[in-house]
Amino acid sequence: MDAVVKAVIEAIHASPTHAVLYLSGGGSQALGWLLSVPRASGTVLEVTVPYSRASMVQLLGKVPEQYVCRETADAIAMAAYNRALKLSMPGMPVAGIGLTGALASVPPKRGDHRCHLSARTQTGLWHYDLTLAKGYRDRVGEDLVTSRMVVKSLADVCGVSVGIPLELKEGSERLTEQRWSYSEEEQLEQLLNGQICMISFSSNADMTGSRRIILSGSFNPLHDGHVKLLEVACSLQEGTMPCFEISAINADKPPLGLGDVKDRVKQFRDIGKNLVLTNQPYFYKKAELFPDSTFVVGVDTAIRLMNPKYYGESKTRMLEVLLGIHQQGCDFMVAGRKVNGRFKVLSDIDIPAEVQHMFQAIPENLFYSDLSSTALRQKTR
C-alpha cells in the first residue's frame, strides 16, 4: 500500500459512511489495505467474497446470465447495500460495493480481462467498468489495479476528493465511469417495488444510542400518544435510539401508494423524529431488518402475537416464530391499551413460559393514552 492509497483510506475511515463489500474475482488487496489502517471498524461493516458459482447464486437468489458483467455487478452492489442497511443504525449513511472480475488465470482466459464495479448508496449509483490489456500484468498486478478501483469507489461514495491513480496502460486499457442520482420519489418507488428493503429519514437527533427502540405503525395520523409512548419506552433502557417504522406493505390492507407514503413521511419531518420505511409487515421479518432491537407494541398487538390463529392454528409454530425473533436479538415492550372497551395491560395476557422473557411491560403510571388514530381521522372528516 503506497502513501496515496493510505491517505485516501484514512480519509474514508474519517467519514461517517459504513459499507458492505461483496468482491468476486478481484480487489482482494483492498481488503488488507482497508483493515490495516486504523479506524477500519468505522467503515467496514462486512466483507464477503462470493467466489464459487454456488456462493454467487445464493447471494443473488438466482443464477445470473453472466457472472462477470455490468448487470451482475449492479445486483451484487444492491445486495451489499441492503445488507448494509440491516447492519447499520437508522440514519447512518451506508454503501454497498459490488465487484465482479475476470482477471489473468491458469489456463489463460479467452475473453477480455475486465472488471465491473457498482457502488450503491441511498441517493446514488456509481458504475466503474475496467478493461485491462491481456499479458501486460500478471494476476497480482491486475488485482492491484482492481483493488485501487475498490478504494476509489469508496472514496467517491464517502465524498473524499483525493484521487487514486490506477496507472493504466495508455491506449489499451480504459476505465469508464458513470453516476446516477436518485430523487426521493425514485427511492420510494424502489422501496415499493422491493428493490431496497428500507429508507431512513433521520432528524440528526437522538443518534447516539447503540440499541434501537422501534415503534411500528401506520401513523395515519401520527399523534402525541405515539411520540410519548416512544419517549417512555426509551427511558426504560439506557443507550437507546428512538425510531418510528412504517411498512408500506400491510398484512391486512392494500399497500400504501406513493402519495400516502409522502404524506406520512412529512409528519415525522415536521416534528424532527427518526423514521424508517420498510416493506415488511410481520415482526419476524422486521427482526431480520432490525437485529438487536426492541419493538414497542400495544397490548392489542401483543395479543395477536400470542394467537395461534395467525400461525396456522399451531402453538408450536407460534413459539418457533417468536423464538426466532429472540434469536435475532429482539424483544418487545408492551403498553396498555383499550381492547373491546376495557383497558388491558401485559399481565392480562397469557404468555407461554418459553417466551415470557421477551416481553416487558411499560408501567401504566408512565404511559396511559386513549388517543386513537382512527378516532382522530373520524374527527377530521
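Trainee: What makes F283, F295, F332 and F359 a cluster?

Mentor: In this predicted model, ring pairs link F283, F295, F332 and F359. Rings pair if their centres lie within 6.5 Å, and by this rule the count comes to 9 aromatic pairs.

Trainee: Why is the pair of F219 and F268 called edge-to-face?

Mentor: The angle between the planes is 85°, and planes over 60 degrees apart count as edge-to-face. The centres of F219 and F268 are 5.4 Å apart, which is within the 6.5 Å limit, so the two rings pair.

Trainee: What does the pair of F219 and F268 tie together?

Mentor: F219 lies in the loop between β8 (211-216) and α7 (224-235), while F268 belongs to helix α8 (residues 258-271), so the pair ties together parts that are 49 residues apart in sequence. Both F219 and F268 are buried.

Trainee: Why is the pair of F244 and F268 called tilted?

Mentor: The planes of F244 and F268 stand at 50°. Stacked planes are under 30 degrees apart and edge-to-face planes over 60, so this pair is tilted. The centre-to-centre value is 5.0 Å. F244 lies in strand β9 (residues 240-247) and F268 in helix α8, so parts that are 24 residues apart in sequence are tied together. F244 is buried, as is F268.

Trainee: How do you know that E184 forms a salt bridge with R269?

Mentor: The closest N and O atoms of E184 and R269 are 2.4 Å apart. The cut-off is 4 Å, so the pair qualifies as a salt bridge. E184 is in helix α6 (residues 184-192) and R269 in helix α8, so the pair ties together parts that are 85 residues apart in sequence. E184 has 31% relative accessibility and therefore counts as partly exposed; R269, at 46%, is also partly exposed.

Trainee: What makes K152 and D156 a salt bridge, and how is each classed, buried or partly exposed?

Mentor: The N to O value for K152 and D156 is 3.9 Å, which is within 4 Å, so the pair counts as a salt bridge. K152 has a relative accessible area of 16%, which is under 20%, so K152 is buried. D156 has 27%, which lies between 20% and 50%, so D156 is partly exposed.

Trainee: Why is D270 called exposed, and what is its salt-bridge partner?

Mentor: D270 has a relative accessible area of 52%, and exposed means over 50%, so D270 is exposed. Its partner is K266, at 2.9 Å from N to O. K266, at 49% relative accessibility, counts as partly exposed. K266 and D270 are 4 residues apart in helix α8, so about one helical turn separates them. The structure holds 17 salt bridges, and R70, D74 and D129 are linked in a network of them.

Trainee: D129 is also a bridge partner in β5; which residue does it face?

Mentor: D129 is the bridge partner of H116. Strand β4 (residues 113-120) pairs with strand β5 (residues 124-132) in the antiparallel sense over 8 bridges, and a hairpin joins β4 to β5 through 3 residues. Strand β3 (residues 94-102) and β4 are also antiparallel, over 7 bridges, with L99 opposite L117 in β4.

Trainee: What makes β4 mostly covered?

Mentor: Of the 8 residues of β4, 7 are buried. For the protein chain of 381 residues, 49% count as buried.

Trainee: How do you know that C158 is in no disulfide?

Mentor: By the 2.5 Å cut-off the count comes to 0 disulfides. The nearest cysteine sulfur to C158, that of C115, is 19 Å away, so C158 has no partner under that rule. The nearest one to C243 is that of C234, at 9.7 Å, so C243 is in no disulfide either. C158 is buried, with a relative accessible area of 14%, and C243 is buried at 0%.

Trainee: Why does V47 count as partly exposed?

Mentor: The relative accessibility of V47 is 31%, which lies between 20% and 50%, so V47 is partly exposed. V47 is in strand β2 (residues 44-48), and together with V49 and Y51 it makes a nonpolar surface patch of about 280 Å².

Notes:
Residues are numbered from 1 along each chain as its sequence is written. This is a predicted model: local features need pLDDT of at least 70, side-chain atom pairs count only at pLDDT 80 or more; totals for chains, interfaces and linings use all residues. Side-chain values use heavy atoms; hydrogens and water are left out. Patches are made of residues with over 30% relative accessible area and no salt bridge: like charges are joined within 9 Å, nonpolar side chains (Val, Leu, Ile, Met, Phe, Trp, Tyr) within 5 Å. Accessible areas come from the Shrake-Rupley method with a 1.4 Å probe; for residues, only the protein chains shown count as cover. A salt bridge is a side-chain nitrogen of Lys or Arg within 4 Å of a carboxyl oxygen of Asp or Glu. Helices (H or I, at least four residues) and strands (E, at least two) are DSSP runs, numbered from the N terminus. Buried means under 20% relative accessible area, exposed over 50%, partly exposed in between (1.4 Å probe, protein chains only). Two strands pair if DSSP finds at least two bridges between them. Rings of Phe, Tyr and Trp (its six-membered ring) pair if their centres lie within 6.5 Å; planes under 30 degrees apart count as stacked, over 60 as edge-to-face and the rest as tilted.
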